[in-house]
Amino acid sequence: MIISLLDNPLVLLFVILLAGSIVGQFKIKGIGLGSSGILLVAMIAGHFHYQIPSLVQQLGLSLFIVAVGLQAGPRFFLMMRTKGMLFGIIGLLIVLIGAVTTVVVSKLFYLPPALSLGLMTGAMTSTPGLAAAIEATNDPLASVGYGIAYPFGVLAVVFFVQLLPKVFKINLQEDLHRTSGPIRNETSPEVMTIEVTDPALEKRTLQELKLDPYHSVVISRVIRGNRNIIALGDTVIVTGDRLVAVGLRSDLDKLAADIGREVPTNFKNADHVKLRRVTVLSEEMVGKNLRELDLRKTYGVTVTRLEHGGIEYNQSPKWRFERGDVLTMVSSEDRLNEVEKLFQRKHHSVVNVHLLSLSFILLIGVLIGMIPIVLPGLGTIKLGVAGGPLFAALIISHFGKLGPIQARYYQPSNQVIRDIGLALFLAGAGTTAGEGLVEVVRQEGLRLIVGGSIITMTPIVVGYYMSRFVFRLSVIHSLGALCGGMTSTPGLGALNQLSSSEEGSITYAAAYPFALIFVAIASQLLIFFL
């Protein structure tokens, strides 16, 4: 009686989602299947001839891909205009290496095209890539290959990240300090402590110091003896005070020469003065600048630098905030708490998913996906339900708003769309793939395991080598870019456990959207070469 209930597609769907979510929560050494647990359970159900309607799979795919595009769009185009493009190139090269390796493995082991594409997307832990592969091949074997290669793809990156520093005995922090990184560039601020020796400045306020000739410089704190004083406009300075200044090196050198001399920076006795990184999330703050907010006068908080799209810049009073910008602030803890609430305040009474906009983006995306694209010498492809919505979401989210169409949602709202879409897609793809799973494994067995291993390890090893020795990045930057290029969030988690530095996360965030999009594109183009 209970088994017969599974013949109802709706009951079957929710049973798969429930069981898959439970399976995905189990972890070994901190590593679990996550949402891929749904795929595993769905494949088992498919083996026993239970099927989710294809419409559910396509709906889930559209929602998931649109959410990915909305998330990646602003950063994707921003990174193309900044030095973060280097990590986009690394992400592209890693995907390219994976694609070339897939073609070689497919020919070498005589694997079917759909199975080969599934192995590639599983090895690179890319669900959008799987979606594009299914769309391009219309063959459930892609899901089989993905399901087989995915666990190895997750473990390989995690083990590589954890073992490499130990095997080669690399001190990550020392290596980081010896090399340049993605955040640091000619527009990046530096910190200098300047001891005041000019007697003419005795008992002058910081406002009277007149920093205008030193454009980029901002004073964050005043150190007097063992005391740390928050730097405000009316803060009085005396000879012997040490001013902690942030700005471009040329401006800092000029200021030090004019008022005193550079001395070593020492924050050991920081008293109540704290430093905090605050992310801009509030809609009310987007589009405003520091001059309008006047945080120093109103709240007693000094902004010393700004990070935008993974690149660090000197703070500028005219800079218009975008959601996701990270401000480094200095003040007392209670004042920082107050300002942090200001930048992260959200109105939970209003659901931040604009149904009109979401429906419009989906409709436009599906229509774009139906347009045939002629590739000279190769044939004709369509972006389909995967590529079309991704393209539409990327473009619209870059602008944020086009007339009444809104494409910038709060991250939790976008996460809900993505998670629901992914769950529906995996449930449908899994049941379709499950029907032939046992037969495929029986026939291809060892070739699948060896082929998937090669497709996983080749881009990992070559990608790291290029980052480290061709682009001459630090180990942390190289591993972060590698995790982004392989779209491996567990790998990033392993890297963050090895180092307290945020540099790895930044390079991951810079490479990830490029890799995410390139895998989806490669999955559709490779069909012509397999």
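Predicted model: local features only at pLDDT ≥ 70, side-chain atom pairs only at ≥ 80, totals over all residues.
**Entry 1: helix H5**

I started with helix H5 (residues 113-123), where 10 of the 11 residues are buried, so this helix is largely enclosed by the rest of the structure. Buried here means under 20% relative accessible area, exposed means over 50%, and partly exposed is in between, with a 1.4 Å probe and protein chains only. Helices (H or I, at least four residues) and strands (E, at least two) are DSSP runs, numbered from the N terminus.

Residues are numbered from 1 along each chain as its sequence is written, and side-chain values use heavy atoms, with hydrogens and water left out.

Which residues of H5 are buried? I listed Ala114, Leu115, Ser116, Leu117, Gly118, Leu119, Met120, Thr121, Gly122 and Ala123. Then I looked just after H5 and found Thr125 with a positive phi of about 45°.

**Entry 2: aromatic pairs**

Next I looked up ring pairs. Rings of Phe, Tyr and Trp (its six-membered ring) pair if their centres lie within 6.5 Å; planes under 30 degrees apart count as stacked, over 60 as edge-to-face and the rest as tilted. How many aromatic pairs does a search of the whole structure find? It finds three.

One of them is Phe321 with Phe343: the ring centres are 5.6 Å apart and the planes are at 75°, so I filed the pair as edge-to-face. This pair links distant parts of the chain, 22 residues apart. Phe321 sits in the loop between strand S12 (311-314) and strand S13 (326-332), while Phe343 belongs to helix H13 (residues 333-344). Phe321 and Phe343 are both buried.

I also checked Tyr465 and Phe469, whose ring centres are 5.1 Å apart with planes at 45°, so that pair is tilted. Both lie in helix H17 (residues 437-470), four residues apart, which is about one turn of the helix. Tyr465 is partly exposed at 49% relative accessible area, and Phe469 is partly exposed at 47%.

Phe469 has another neighbour in my notes. Arg468 lies over the face of Phe469, 6.0 Å from the ring centre. The rule I used puts a charge over a ring if NZ of Lys or CZ of Arg is within 6 Å of the ring centre and within 35 degrees of the ring normal.

**Entry 3: salt bridges**

Side chains of opposite charge can pair when their charged atoms come close. I counted a salt bridge when a side-chain nitrogen of Lys or Arg is within 4 Å of a carboxyl oxygen of Asp or Glu. By this rule the count comes to five.

I looked at Asp241 and Arg224, a salt bridge with its closest N and O atoms 2.8 Å apart. The two are 17 residues apart: Asp241 is in the loop between strand S7 (236-237) and strand S8 (242-247), and Arg224 is in strand S5 (residues 218-224).

Then I went to helix H10 (residues 249-259), which holds both Asp253 and Arg249, four residues apart, about one turn of the helix. Their salt bridge has its closest N and O atoms 3.3 Å apart. Asp253 is partly exposed at 35%, and Arg249 is partly exposed at 33%. Arg249, Asp253 and Glu262 are linked in a network of salt bridges.

**Entry 4: Arg276 and Glu340**

The side chains of Glu340 and Arg276 also meet in a salt bridge, 2.8 Å from N to O. The pair spans 64 residues, with Glu340 in helix H13 and Arg276 in strand S10. I found strand S10 at residues 273-279. Arg276 is buried at 18% relative accessible area, and Glu340 is partly exposed at 21%.

What does Arg276 touch, not counting residues up to four places away in sequence? With contact meaning heavy atoms within 4.5 Å, I noted Leu327, Thr328, Met329, Glu333, Leu336, Asn337 and Glu340.

**Entry 5: Thr193**

I finished with Thr193, in strand S3 (residues 190-196). Thr193 counts as buried, at 1% relative accessibility. Thr193 and Val263 are 70 residues apart in sequence and 5.6 Å apart in space, C-alpha to C-alpha. Leaving out residues up to four places away in sequence, Thr193 touches Arg242, Leu243, Val244, Arg261, Glu262, Val263, Pro264 and Thr265.
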